[in-house]
Amino acid sequence: MAETTNQFSSRAIAAAFCFAVMGIILTEGQQDFLTECRKKLAPGQCGWQIGNELYTGNATVNQQCCSRLLDMGEKCHKELLKNYLSSPDHANINATEVWQRSDILWSRCSKISAHP
């Protein structure tokens with residue numbers, strides 16, 4: 001019986017290790033994607049302007065940064081936002097409000113930017 005338990009424990013540990021390694025690979029791929037998204041906002045203050053508007057509700061994003069946001073693409077924008085909000089450091093942020101502000105910002109930027 002003890003041998004069966006040890007075999008089970010070894011298999012459980014091996015399975016957990018495989019899942020952990022797969023998670024690291026997925027996380028690295030996602031991190032690469034997010035890094036590329038962040039580069040699309042740099043250089044300058046666009047990331048700060050967008051963050052300020054999303055987290056404080058103060059409309060501060062200018063036309064140039066709106067264009068960068070739209071050039072970055074909605075998928076990048078949403079994945080960056082999702083990544084930020086999923087951090088335990090930001091657990092006190094009202095995610096619902098931030099997502100609503102995000103939709104408003106995207107809509108406003110679409111209207112004021114000369115973007116196809």
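The link of Cys-37 and Cys-76 is left-handed, with -70° about the S-S bond. This pair links distant parts of the chain, since Cys-37 lies in helix H1 (residues 2-41) and Cys-76 in helix H4, 39 residues apart. Helices here are DSSP runs of H or I with at least four residues, strands are runs of E with at least two, and both are numbered from the N terminus. This is a predicted model, in which local features need pLDDT of at least 70 and side-chain atom pairs count only at pLDDT 80 or more, while totals for chains, interfaces and linings use all residues. Residues are numbered from 1 along each chain as its sequence is written, and side-chain values use heavy atoms, with hydrogens and water left out.

The structure holds three disulfides, a disulfide being a pair of cysteine sulfur atoms within 2.5 Å. With the bonded cysteines of the protein numbered in sequence order, the pairing is 1-5, 2-3, 4-6.

| Disulfide | Distance between sulfur atoms |
|---|---|
| Cys-37 and Cys-76 | 2.1 Å |
| Cys-46 and Cys-65 | 2.1 Å |
| Cys-66 and Cys-109 | 2.0 Å |

Cys-66 lies in helix H3 and Cys-109 in helix H5 (residues 95-112), so this pair ties together parts that are 43 residues apart in sequence. The torsion about the S-S bond of Cys-66 and Cys-109 is about -60°, so this disulfide is left-handed. The link of Cys-46 and Cys-65 is left-handed as well, with -80° about the S-S bond. That pair also links distant parts of the chain, with Cys-46 in helix H2 (residues 46-56) and Cys-65 in helix H3 (residues 63-72), 19 residues apart.

Buried means under 20% relative accessible area, exposed over 50% and partly exposed in between, computed with a 1.4 Å probe on protein chains only. Cys-37 counts as buried because its relative accessibility is 0%, and Cys-76 is buried with a relative accessible area of 4%. Cys-46 and Cys-65 are buried, while Cys-66 counts as buried at 0% relative accessibility, and Cys-109 counts as buried at 0% relative accessibility.

Glu-79 lies in helix H4 (residues 74-85), and at 19% relative accessibility this residue counts as buried. Leaving aside neighbours within four places in sequence, Glu-79 is in contact with Gln-30, Phe-33 and Leu-34, where contact means heavy atoms within 4.5 Å. The C-alpha atoms of Glu-79 and Cys-37 are separated by 8.8 Å, although the two residues are 42 residues apart along the chain.
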